[in-house]
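User: Hello! Could you walk me through the ligand sites of this model?

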Amino acid sequence: MTEALQLPVIDLSSPDRLSTAKSIRQACIDYGFFYLVNHGVEEELIYQMFNESKKFFSLQLEDKMKLARKEHRGYTALCDEILDPSSTSEGDPKESFYIGPLEGTLSSMNQWPSLEILPTWRSTMEYYHQKVLSAGRRLIHLIALALNLNGDFFQKVGALDAPMAFLRLLHYPGELVSSNQEVCGASAHSDYGMITLLATDGVPGLQVCREKFNQPRLWEDVPNIKGALIVNIGDMMERWTNCLFRSTLHRVMSSGQERYSVIICFLSHLCFPHSNAFGCK
Ligand SMILES: O=C(O)CCC(=O)C(=O)O
Ligand SMILES: [Fe+2]
């Protein structure tokens, strides 16, 4: 049995930055998840990005495999990956495509579908990547304030230097579900970076488990809010904050319906010297 969760909604454009930072702090302590609105990524762009994503995943497998994942960039086929190593399933029934940072020397490691096959694919993904990156940078500023640090803390210590943001397109075909079986499109996991920003096509499936050490696990549905991004704290931020901010366990259940989503995960090459880098109590 699952229940729907009412996650806090954070307005990125609110002029009252201190009160927004306070709400972010509470959301990260209570849930490790929240909705982000007025983030500057237009609904039309989100729509176009999903449109292009669908075009790629609709290609023949042999064409997709020409861009098979190398150096964490490119295509991963259906069931090739499993996010929960303790799961007994043979692989998560989803396919994905990774795009690494667009700036700096590592940007040339990205793989792209050819312009002849998908002429507007690369430009759309690059634009989406840039726009979410910009929202993410503003959000990380507020997260610093939420931790009682200076707003530019993460920037100053280099946590926002390249390589930092990976975009991942996801496609859950849905049809592998048999009626008497619970199937995870993405098995239970927490994200490993600082924060993740997620957009979905509105098809349900995302669930969170707030108490990861309790058994049996209680899973709660995270409904989509049109136009909002869903943000979650990753393991790196959980460790830096001495577990004050939660990196919450989550998964995607398959309802039998096809589903598309996209995440941008903010990583950092920084190793703060200890697990309570900011003196969080
Ligand atoms: O597809 C989703 O809604 C979430 C995917 C996810 O959690 C992940 O890829 O880390
Ligand atoms: Fe995740």
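Here are some questions and answers about the model shown above.

Analyst: A word on the ground rules: this is a predicted model, in which local features need pLDDT of at least 70 and side-chain atom pairs count only at pLDDT 80 or more, while totals for chains, interfaces and linings use all residues. Residues are numbered from 1 along each chain as its sequence is written, chains are lettered from A and ligands numbered from 1 in the order in which they are written, and side-chain values use heavy atoms, with hydrogens and water left out.

User: Which strand gives the largest share of the shell around ligand 1?

Analyst: The shell holds residues with a heavy atom within 4 Å of the ligand, including Leu 170, Val 252 and Ser 261. At least two residues each come from strand 6 (165-172), strand 12 (249-253) and strand 13 (259-266); strands are DSSP runs of E, at least two residues, numbered from the N terminus. The largest share, three residues, is from strand 13.

User: How much of ligand 1 does the protein bury?

Analyst: Oxygen atoms of ligand 1 lie 2.7 Å from a side-chain N or O atom of Tyr 172, 3.0 Å from one of His 189 and 2.9 Å from one of Arg 259. On its own, ligand 1 exposes 300 Å², an area from the Shrake-Rupley method with a 1.4 Å probe. The protein buries 96% of that.

User: Which protein residues are donors of the iron ion (ligand 2)?

Analyst: Donors are N, O and S atoms within 2.8 Å of the metal (3.2 Å for Na, K and Ca); water is not among the atoms, so sites may look incomplete. Along the chain, the donors follow the spacing H-x1-D-x58-H. They lie 2.1 to 2.2 Å from the iron ion and are His 189 (NE2), Asp 191 (OD) and His 250 (NE2).

User: Is Asp 191 buried or exposed?

Analyst: Buried means under 20% relative accessible area, exposed over 50%, and partly exposed in between (1.4 Å probe, protein chains only). Asp 191 has 9% relative accessibility, so Asp 191 counts as buried.

User: And what is the relative accessible area of Asn 150?

Analyst: Asn 150 sits in the loop between helix 4 (121-146) and helix 5 (153-156), helices being DSSP runs of H or I, at least four residues. Beyond its neighbours within four places in sequence, Asn 150 is in contact (heavy atoms within 4.5 Å) with Ala 144 and Leu 145. Asn 150 counts as exposed because its relative accessible area is 57%.

Conventions
Polar contact = N/O pair within 3.5 Å; in protein donor to acceptor, adjacent residues only side chain to side chain.
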